[in-house]
Amino acid sequence: MIDSKYFEIPDFCELTRQCEPNCPCNSCLGIFNTCGPVFGTTTPPVSRIPTCECHDICVEEVVLIGNSGEFTRCIAYPPVGPCRVQCNGTFTFPTLTVGETCQVILWCADEQIDEGCQSITVRIGLVLICGNCTTNPIILPLPTFTKTFTTFYGFPDCTPVTGQQLKNELTRIDGSCLVAQFNAVVTSPQQITITGKIIDKLWRSENLWVEGIRPFELTDEAIANGYSSFTVKGSFDTSHHGSSSGDCPIV
């Protein structure tokens, strides 16, 4: 019998043998599986199952996540009657094909801490481009989507945070990261239906090196169905955490 102690184990095998149960990203992948639904990963469009990657970030650490739930809005097409348009002769709007997907463009996004500091209102502005983009595009600016978040979930434990507790947490929040994911489909010759979600992630400034996952990536199926994904970073204005007095110069 050959004594196994005389075997040489290549270095890469050692990583494999000793990995479980402490493989990099197991904690994040476990959170994705356990807390993902309340964070919005299963809200349509459903997020791609992530893989572990190394990230070098300088860094806005997310501590609270809000999920809008699924948006559904229907808009009339055409948006105005032909008599509203000034032109010579009779004006006819281009027709849309039922089932066609319009391109969704995000043109603005912002948010504001509401009076009382126990809720945050997010505003999203979208533009649709329907029809043939090269020969006969139809461009439709939309009314602003507004969502007020009164409940957030702590990351990574997904504990609900609301009311006075949210007010307390906002004292250590520096800004937010908004994820807006929408698509638009012509559901009748006179109607376009917009669906999607907004994820509001509140962060504070930190310095971190991390092994991590990308939890809100779109699946290939969602992309094929016309979903677009936008991540928007912004900081709360100086009314939230005070303006610089000039005593501490920036270097």
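Is cysteine 52 buried, exposed or partly exposed? I looked it up: cysteine 52 is partly exposed, at 33% relative accessible area. I call a residue buried under 20% relative accessible area, exposed over 50%, and partly exposed in between (1.4 Å probe, protein chains only).

**Ground rules.** I am reading a predicted model, where local features need pLDDT of at least 70, side-chain atom pairs count only at pLDDT 80 or more, and totals for chains, interfaces and linings use all residues. Residues are numbered from 1 along each chain as its sequence is written, and side-chain values use heavy atoms, with hydrogens and water left out.

**Disulfides.** I took a disulfide to be a pair of cysteine sulfur atoms within 2.5 Å. By this rule I count three disulfides.

I began with cysteine 25 and cysteine 52, whose sulfur atoms are 2.0 Å apart. This pair links distant parts of the chain, 27 residues apart. Cysteine 25 sits in the loop between helix 1 and helix 2, cysteine 52 in the loop between helix 2 and strand 1. Helices (H or I, at least four residues) and strands (E, at least two) are DSSP runs, numbered from the N terminus. The S-S torsion of cysteine 25 and cysteine 52 is about 60 degrees, so this disulfide is right-handed.

I then checked cysteine 35 and cysteine 158, with sulfur atoms 2.3 Å apart. Cysteine 35 lies in helix 2 and cysteine 158 in the loop between strand 7 and strand 8, so the pair ties together parts 123 residues apart in sequence. Their torsion is about -50 degrees, so the disulfide is left-handed.

Cysteine 102 and cysteine 130 are also joined, S to S 2.0 Å. Cysteine 102 is buried at 1%, and cysteine 130 is buried at 0%.

**Backbone.** I noted that most residues other than glycine have a negative phi, and most peptide bonds are trans. Cysteine 25 has a positive phi of about 80 degrees. Cysteine 117 has a positive phi too, near 60 degrees. The bond from proline 44 to proline 45 is cis, omega near 0 degrees. The bond from phenylalanine 155 to proline 156 is cis, omega near 15 degrees.

**Core.** I defined a nonpolar core as buried Ala, Val, Leu, Ile, Met, Phe, Trp, Tyr and Cys residues joined through side-chain atoms within 4.5 Å. The largest has 36 residues; Ile124, Leu128, Phe182 and Ile192 touch the most other members. Strand 4 gives the most to this core, six residues. Another core, of eleven residues, lies apart and includes Cys158.
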